[in-house]
Amino acid sequence: MAPLLSIENITVRYGAIEALHQVSMSVDEGDVVALIGANGAGKSTLLKAIVGQVPLAGGSISFKGEEVCTSAKHKKSVPTHLLAAKGIALVPEGRHVFADMTVEENLDMGAFLVRDQEAIEKKKEEMYDFFPILGARRKQKTRSLSGGEQQMMAIARALMSSPHMILLDEPGLGLAPLVVQDIFQKIKLINEEEKVTVFLVEQNARLALKASSKGYCLENGSIVLADSSQALLDNDKVRAAYLGE
Amino acid sequence: MTTLIQYLQYLLNGITLGAIYALIALGYTMVYGILKFINFAHGDILMVGAYAGLFIFTFLLGESTNAAWMLIAFFIAMLLSMAFCALLGMFIERVAYKPLRNANRLAPLLSAIGVSFILSNGAAWLFGAQSRRFPYPFDDTPISIAGLAITPHQILTVLVSVIMMVVLTVFVNKTRMGKAMRATSLDQSTSELMGIDVNKVISLTFAIGSALAAVGGILAAFDFRVYASMGTMTGLKAFVAAVIGGIGNIQGAMLGGLLLGILESIGAPLFGIPSALRDTIAFAALIIILLVKPDGILGKNEREKV
């Protein structure tokens with residue numbers, strides 16, 4: 001079976017700087033895949049490339065067998081706002097909640113492409129059950145939420161469109177260890193119970209590899225290691241460079 | 001000596017003027033909220049709106065003096081003028097601003113000033129230099145209430161402005177596209193991730209702002225007549241009102257407009273400012289606001305939680 005997301009030899013440049021160099025990777029349907037790497041390795045750039053927010057200088061990206069991003073001159077990439085309709089949802093780094101809007105309005109925005117009001121209301125109730133704290137704060141402006149609550153809100157907002165695949169950019173960044181554990185617990189449930197494929201980008205390598213079945217390691221814009229997460233956890237290089245052992 | 005009644009009269013006139021400023025300020029603030037760009041051609045849109053309204057109104061009226069038809073014709077003219085300006089606003093955005101969206105921040109600003117000159121000079125060339133009177137759609141004899149002289153066109157101005165602002169408030173807070181507009185002004189790239197077509201939202205913003213400017217232009221025409229450069233000073237003052245209220249903030253534009261109108265009307269007699277210097281009041285207020293609270297009255301000091 002063809003992978004759900006397949007990235008083939010993509011290169012991304014910011015001016016003269018090459019942020020990604022011929023990166024290839026794939027994510028299978030139903031899987032949790034982790035991408036680890038240091039600050040500045042190009043992790044966020046890779047996610048932005050997948051959702052079409054940075055142009056490709058080379059290579060292509062396919063989702064569900066359809067080429068969605070391309071560097072070819074004669075072909076057109078799918079614009080970001082239409083990509084959402086195809087079932088990809090990104091939870092951006094730093095959460096990017098709509099701070100001046102209430103929790104409920106944020107969730108409404110997550111369901112922007114859903115035209116059935118009844119389905120939206122049902123999905124919102126599901127989210128409030130899944131993240132009870134959001135239910136309690138539904139009428140509050142998102143700026144008044146704590147960092148962990150904002151992260152949960154950003155994840156719930158991404159789930160509102162019932163995506164096939166969710167991309168998470170540093171979901172644990174800047175949060176207390178207990179909150180991070182809680183969020184990773186939820187991510188596991190999203191994958192196992194909601195059957196959403198997860199692509200997880202994390203600096204916290206141990207956490208990411210433990211939560212995933214397959215892992216990639218990105219260094220200076222190139223994939224340097226690709227293996228099952230368990231194998232990466234046992235890998236000497238990974239242990240030395242990312243796990244601090 | 002200026003008596004209390006006289007001050008109340010100034011206040012009343014100020015509210016009327018302020019309602020017009022508010023309508024126009026909304027266009028500046030909504031566009032700024034999303035694009036962080038001051039549309040300096042916005043004032044000239046109100047001039048186009050006033051001309052369009054005037055021509056459609058006189059055409060519909062013909063020789064008729066029927067009171068009911070006059071009022072109906074006025075509202076039809078207003079709605080058609082709104083539609084025309086909405087299309088014009090979207091067209092201007094498409095040809096003069098959109099291609100410059102990723103250019104230097106100064107480029108769209110200069111482009112806007114260019115559009116402003118094209119519109120005002122074009123109108124002067126097409127319609128001549130002399131100003132035209134905008135006929136009242138009713139007998140505008142002032143009504144005397146408790147010593148105050150209220151003209152029907154003042155009532156119309158306030159009524160129409162309030163309706164427009166209520167409709168706009170409901171739109172941005174309750175409807176799907178309205179919320180998408182707010183989301184886009186808060187965070188454009190995240191809005192895209194939600195599936196919001198940012199280009200469509202920007203077009204819509206220009207359409208709404210320009211339609212409101214058309215209404216503001218028609219209402220302003222009752223007091224200031226219709227002429228090619230009528231948008232310059234009124235537009236500039238509405239911009240000042242938007243800054244005073246907190247640019248980017250919709251409630252701020254409404255509040256800033258109202259305050260500026262009242263200040264202009266009451267300020268002259270209150271502070272003994274000669275009427276020839278009346279226009280300086282707005283700009284003095286702008287300087288004071290910029291010094292004391294640069295973000296405007298309702299503007300927020302944006303500090304992101306990281």
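Here are some exercises on the two chains above, each with a worked solution.

The model is predicted: local features need pLDDT of at least 70, side-chain atom pairs count only at pLDDT 80 or more, and totals for chains, interfaces and linings use all residues. Residues are numbered from 1 along each chain as its sequence is written, while chains are lettered from A and ligands numbered from 1 in the order in which they are written.

**Exercise 1. The build of chain A**

Task: How many helices and strands are there in chain A, and what is its radius of gyration?

Solution. 
- Step 1: Helices (H or I, at least four residues) and strands (E, at least two) are DSSP runs, numbered from the N terminus. Chain A has 10 helices and 10 strands.
- Step 2: The radius of gyration is taken over C-alpha atoms, and the globule rule is 2.2 Å times the number of residues to the power 0.38. For the 245 residues of chain A the rule gives 18 Å, and the radius of gyration is close to this at 18 Å, so chain A is as compact as a globular protein of that length.
- Step 3: Along the principal axes, the C-alpha atoms of chain A fill a box of roughly 50 × 45 × 35 Å.

**Exercise 2. The build of chain B**

Task: What pattern does chain B follow along the sequence, and what share of its residues is buried?

Solution. 
- Step 1: Chain B has 11 helices and two strands.
- Step 2: Their order along the sequence is α-α-α-α-β-β-α-α-α-α-α-α-α.
- Step 3: A residue is buried if 20 or more other C-beta atoms lie within 10 Å of its own, exposed if 12 or fewer, and partly exposed in between, with C-beta atoms placed from the backbone. By this rule, 48% of the 306 residues of chain B count as buried.
- Step 4: Two residues are in contact if their C-beta atoms, placed from the backbone, lie within 7 Å. Among contacts in chain B between residues at least 6 apart in sequence, 77% join residues at least 24 apart.

**Exercise 3. Where the chains meet**

Task: Which element of chain A gives the most residues to the side that touches chain B?

Solution. 
- Step 1: Count the residues: 24 of chain A are in contact with 17 of chain B.
- Step 2: On the chain A side, the elements giving two or more residues are α2 (80–83) and α3 (103–110). The most come from α3(A), with four residues.
- Step 3: Sort this side by type.
- Step 4: Now look at α3(A) itself, where six of the eight residues are buried. Among them are A:Val103 and A:Leu107. Their cover includes α4 (117–130), α5 (132–136) and α6 (147–159) of chain A, together with α6 (176–186) of chain B.

**Exercise 4. Helix α10 of chain B**

Task: Where does α10(B) bend, and how many of its residues are buried?

Solution. 
- Step 1: α10(B) bends by about 30° at B:Ser265, and B:Pro269 follows within four residues.
- Step 2: Of the 22 residues, 16 are buried, so α10(B) is largely enclosed by the rest of the structure.
- Step 3: Just after the helix, B:Gly272 has a positive phi of about 65°.

**Exercise 5. B:Met164**

Task: Is B:Met164 buried or exposed, and which residues does it touch?

Solution. 
- Step 1: Find B:Met164 in helix α5 (residues 152–174) of chain B.
- Step 2: B:Met164 has 21 C-beta neighbours inside 10 Å, so it counts as buried.
- Step 3: Leaving out residues up to four places away in sequence, B:Met164 touches B:Leu23, B:Leu212 and B:Val215. B:Val215 is 51 residues away along the chain, yet the two C-alpha atoms are separated by 8.9 Å.

How values were computed:
The bend at a residue is the angle between axes fitted to the seven residues ending there and the seven starting there.
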